[in-house]
Amino acid sequence: MFKQSAQHLDTYYAACYPGAIPQRRPLQEDLECDVLIVGGGFSGLHTALRLSLAGKKVVVLEASRLAWAASGRNGGQALPGWSCDMPPFEQALGLSGARSLWDSMVWAAEELSQLPGRHGFDIDYRKGALYNAVLPRRVTQLQESIVEAEQKYGYHQLKFIAKAELPEWIASPRYLAGVYDAGAAHINPLKLAMGLADAIEKAGGKIFELSKALTSHPTRNGYQVLTANGEIQCDVLVLACNAYIDKLDPQLAKRLLPVGSYQVATAPLDPALAQSLFPKGTCAIDNQFVPDYFRVTPDNRLLFGGGCTYLGGIPTDVPAATRPYLERVFPQLKGVQIDYGWGGHIDCTMPRTPDLGQLGHKYWLQGFSGHGILPTLAAARAISDAILGDNELLSLYQGLSNPRFPGGDLLAAPIEAVGKAWYRLRDVI
Ligand SMILES: Cc1cc2nc3c(=O)[nH]c(=O)nc-3n(C[C@H](O)[C@H](O)[C@H](O)COP(=O)(O)OP(=O)(O)OC[C@H]3O[C@@H](n4cnc5c(N)ncnc54)[C@H](O)[C@@H]3O)c2cc1C
């Protein structure tokens, strides 16, 4: 499923970006470099920055605009952890392997808080997230998650919030309990992508937008990649294409199912009302299989997401599709004006585990399964370390198994949708 556009979607982030969104020129020449990165989302940009800073000659190719896809359209919730949670890591790698990956996730959370200051950009960084339970049995899960995080992973940033204390954190009647994660944050993702791009260029990297990698061929010492108006010879190729990898690498594409996901931004709320929704300024997500996630932006809008479609489509009227869920969480916002509604694609693997790897001179990072702000940064560290000669983290990811989706191009999505319907049912019974 390849998609492309010369313009950012009309998201809240693009519409409210301070000034014109910077644009890089397309590739119109032949080039040689050490590392060519295909994909200008967080996966590609974080990898490019780390390698540029390490002295590699890096080029980034983006088919559309930087952060045009998931990285510029997401909920901005930087939550430590992966979409699959820890059990698949423990099963595949044992506790010590899972612990090493978790430690790299904690590193990513810390790194995200420091990157803007280190490179002189702003991402509207706000600390803290609240994980809420809707069902009684999931309150127990929240409590168990704290014990497990502390005992198995040495993570002491979680705090249980009983129902009686919840009004101090969130003005919603929907939840039975919550957990506060002091290691989480929320950010403006488009500003992060633009800041990373500037930092890459300052470190000597080159970035080309509107430059789709059409084909890639292994050569004796690396790869040759063709675009419409230029060719690149590189020692190392990194594929960071997410749900849009498609024909550029059909084997990688078969391990991903592009799932549609969408969200809205309201009109700016009265500042006192906005402040009352989250008295402590956190973001929030519930622990349903298909979660609602939401937060207030610095200009007092409520950003609310959660809808997803396993057949990959996006509702034609995203605000209408989202409003009932928003008003279920915050009845006091009934009838609120919604200014923006947009959708994007998440790159789901079958077990929802990330898919990172290496074959000869080619590396890839994909399969973040809808939870990628911190996981892409942790993954970019694993890939860039490996390219620089330290394979420790990448080899852990390579111990995971991400099979192809059954049913081929036509049947994979319907089969998956039926399977996921069962889990959705468990969100209400
Ligand atoms: C609606 C939505 C809400 C989300 N909310 C959250 C959230 O709150 N928190 C969270 O942690 N995660 C969230 N996510 C997930 C997160 O945004 C992604 O996991 C993350 O951005 C993935 O980054 P990426 O760089 O791998 O992919 P992308 O950002 O999708 O970037 C891939 C890029 O590769 C380019 N590309 C593809 N093929 C080619 C080619 N042949 N040549 C050149 N370029 C190519 C594409 O144009 C694209 O720009 C959300 C995702 C969506 C869609």
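Reply: The centres of domain 1 and domain 2, taken over C-alpha atoms, are 28 Å apart. The domain bounds come from an automatic or database domain assignment, which gives 12–74 + 190–255 + 351–421 for domain 1 and 124–187 + 258–346 for domain 2. This is a predicted model, in which local features need pLDDT of at least 70 and side-chain atom pairs count only at pLDDT 80 or more, while totals for chains, interfaces and linings use all residues. Residues are numbered from 1 along each chain as its sequence is written.

The ligand lies between the two domains, because domain 1 and domain 2 both give residues to the shell around it. There are 42 residues around the ligand, and those that come nearest are Gly-39, Gly-41, Gly-75, Gly-344 and Gly-372. The shell comprises 18 nonpolar, 21 polar and three charged residues. In this division Ala, Val, Leu, Ile, Met, Phe, Trp, Tyr, Cys and Pro are nonpolar, Asp, Glu, Lys and Arg are charged, and the others, Gly among them, are polar. At least two shell residues come from each of α2 (42–53), β11 (257–266), β15 (338–348) and α9 (373–387). Helices (H or I, at least four residues) and strands (E, at least two) are DSSP runs, numbered from the N terminus.

The largest nonpolar core has 119 residues, of which Leu-36, Val-38, Ala-193, Val-238, Leu-239, Leu-374 and Ile-383 touch the most other members. The biggest contribution to this core, ten residues, is made by α9. Domain 1 and domain 2 each provide at least three residues of this core. A nonpolar core is a set of buried Ala, Val, Leu, Ile, Met, Phe, Trp, Tyr and Cys residues joined through C-beta atoms within 7 Å. Buried denotes 20 or more other C-beta atoms within 10 Å of a residue's own, exposed denotes 12 or fewer, and partly exposed lies in between, with C-beta atoms placed from the backbone. In soluble globular proteins, nonpolar side chains tend to be buried together.

Beyond its neighbours within four places in sequence, Leu-239 is in contact with Val-38, Gly-39, Ile-245, Leu-248, Asp-249, Leu-252, Lys-362 and Trp-364; contact requires C-beta atoms, placed from the backbone, within 7 Å. Val-38 in this list is itself among the core members that touch the most others, and Gly-39 is one of the residues that come nearest to the ligand.

Two loop residues extend the picture. Arg-255 is placed in the loop between α6 (250–253) and β11, and β11 is one of the elements that supply the shell. Arg-255 counts as buried because 21 C-beta neighbours lie inside 10 Å. Neighbours within four places aside, Arg-255 is in contact with Thr-349, Asp-355, Gly-367, Asn-402 and Arg-404.

Ile-123 occupies the loop between α3 (87–119) and β4 (126–133). With 23 C-beta neighbours inside 10 Å, Ile-123 also counts as buried. Ile-123 and Asn-188 are 65 residues apart in sequence, yet their C-alpha atoms are 5.2 Å apart in space. Neighbours within four places aside, the contacts of Ile-123 are Pro-116, Ile-187, Asn-188, Lys-191, Leu-192 and Gly-195.

The chain as a whole has eleven helices and 17 strands. Its radius of gyration, taken over C-alpha atoms, is 21 Å, close to the 22 Å of the globule rule for 429 residues, so the chain is as compact as a globular protein of that length; the rule is 2.2 Å times the number of residues to the power 0.38. Along the principal axes, the C-alpha atoms fill a box of roughly 65 × 50 × 45 Å. Of the 429 residues, 49% are buried. Among contacts with a separation of 6 or more, 75% join residues 24 or more positions apart.

Notes:
Contact = placed C-beta atoms within 7 Å. Near = placed C-beta within 6 Å.
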